[in-house]
Amino acid sequence: MITGRITRISGPIVYAEGLEKCGLYDVVDVGNKKLIGEIIRQDKGRATIEVYEDDSGMQVGEEVVSSGRPLSLKLGPGLVGTIYDGIQRPLREMFETGGSFLLPGQRTEPIDPEKKWDFTPTVEVGAAIEPGAVLGTVQETGSILHKIMVPPSIKGKTLKTFAGAGSYTVDDVIATTELDEEIKMSQYWPLRKPRPFTQKMEVSQPLLTGQRVIDVFFPLSKGGTAAIPGGFGTGKTMTQHAVAKWCDADLIVYIGCGERGNEMTDVLTDFPKLIDPRNGRSLMERTILIANTSNMPVAAREVSLYAGITLAEYYRDMGMHVAIMADSTSRWAEALRELSGRMEEMPAEEGFPAYLPTRLAEFYERAGHVISLCGQEGSVSVIGAVSPPGGDFSEPVTQHTKRFIRCFWALNRELANARHYPAIGWIDSYSEYADEVEDWWNKFDPRWATIRIKALDLLKREQRLEQIVRLIGADALPETDRLVLIVCEMIKNGFLQQNAFDDVDQYSVPEKQIRLLLLIMTFYDKAVEAVKIGVPLLKISELPVQSEIVRIKSVVPNDKLDDLTVIANHLEDQMAELVRMYRKDAVV
């Protein structure tokens, strides 16, 4: 055990001497209250320590004790359904032992050490093993089957002893190797170090969210990265809530990083009440929450993103598809800026440290679709919210984030003010995964890519026409251009806008999404032909089927898609009848 003394205190940054033999990123107990800290710099006999708790009242000369290991997470059964802070302290248990506010030096086990789990083995004594091999399973929740894996640090090749089936705590030894290495139900892993895998694969399967603007227009692949930038009140948190509830990931890791306490309270109270639409069970049975609000220690905020991604990688190694909601990376970057200033580092643009892009890259690049060490496919998809001051997308965090993500869901202030949710703007948003997921969408309709591009082109054309309308009025436009305005309103109101409180509209299955957009674009194509033969645009806009199409989203349930065929027949009949009225020999 190596000990040192505090020589200087600068907020959450503490300087100590006597720790020359400690390693970089070693965990230390700081001061008389034994606060958790981490060595982040070694310089000529003086160690720089980042303290993850409130160090008010600490004095120069107090003792610092090194643990000799890096900051690590305890991984094992019992993680799912728990609410942690940034350094894996369970907040519910902390509240029960210390009250409403975190007490300096307060300690609670991250996983209940007394609870026993029913272990079902999948190997026997003498079995050959490799790092990542599955020894058995535990039913962690009704939704999650937890696989007990050989830690990546184990060097042994065979099982010398094996406990077999039974009930064990997370600290019980269930096996040993021929090298007398102990394997427990739980394992530790350094949170700043990516967990190993066998192979990284191409991303080709979409992460379905049930949100039409995302799934069809700006899809995200399983194992992909996305950012949701937007100013205050544009709906970043609510969009992440909708994705967390409805996406087809096996596990959700939600990181509340530096958010306001009332927003995090909504998450903590709402998520346990939400029902998983896939199995009818509580959504908390497949969710891990990490809460670091804006009034909690800033250093723990900085490390919370690494804690979340490490938990996600652990479940990815079991062959699960995991989605991370990081809300928000801007608050995380602000924590970096504050800590950098305390360490008197040279600031870069807008005061952020020069290594901000590197840290962002380290976080987003831990996403991916991989083959794990146990030979199963799993993925980590990262969705990071960005809160640019004043909604300015040119600020450093947003700009650097765009370098490392491939899906950009830009929230639009005008849409949010008009109560159009999700307020994802179709002009500034983009997705580079559209080509990768095209084959998957083609099983519903091979025209997916074509109508997607056609609809986006219409919306961009509408933006240009709106500028003309503001100058000279809509009546000055030719009927074909006015038709574009009408159809774009149908796309916005009947397809892009989605009501999270409507039992039918809150989630759309892929088939409904593609058939709805196809109906709108079919209406446009037939209307163009009708206008060409002289049918007045007013008559087209008065067709009853137009309002039928707009109401489909909230009228036709996901399990009654045959009703879409009826509406398509209405469109065919009404448009044909209208054309016959103006040219008896017309064929539509």
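Predicted model: local features only at pLDDT ≥ 70, side-chain atom pairs only at ≥ 80, totals over all residues.

Biologist: How many residues does the largest nonpolar core have?

Modeller: In soluble globular proteins, nonpolar side chains tend to be buried together. Here the largest nonpolar core has 89 residues, and those with the most contacts inside it include F217, W409, I491 and F523. Helix 13, residues 510–532, gives the most to this core, with 13 residues. A second, separate core of 82 residues includes Y84, M185, W189 and I324.

Biologist: Which residues are in contact with I491, leaving aside its neighbours within four places in sequence?

Modeller: They are F217, A455, L459, L496, I520 and M521.

Biologist: Is Q513 buried or exposed?

Modeller: Q513, which lies in helix 13, has a relative accessible area of 0%, so it is buried, the cut-off being under 20%. Not counting residues up to four places away in sequence, Q513 touches G210, Q211, R212, D215, V216, W441, F495 and S508.

Biologist: Which residues of helix 16 are buried?

Modeller: In helix 16, L564, I567, L571, M575, A576, L578 and V579 are buried. They cover an arc of only 165 degrees around the axis, and therefore lie on the same side of helix 16. The face turned away from that buried side carries the exposed residues D562 and M581.

Biologist: What covers the buried residues of helix 16?

Modeller: The cover includes helix 13, helix 14 (537–541) and helix 15 (544–555).

Terms used
Residues numbered from 1 in each chain as written. Heavy atoms only, no water. Core = buried A, V, L, I, M, F, W, Y, C linked by side-chain atoms within 4.5 Å. Buried < 20%, exposed > 50% of the residue type's maximum accessible area, 1.4 Å probe, protein only. Helix = DSSP H or I, 4+ residues; strand = E, 2+ residues; numbered from the N terminus. Contact = heavy atoms within 4.5 Å. Arc of directions from axis to C-beta.
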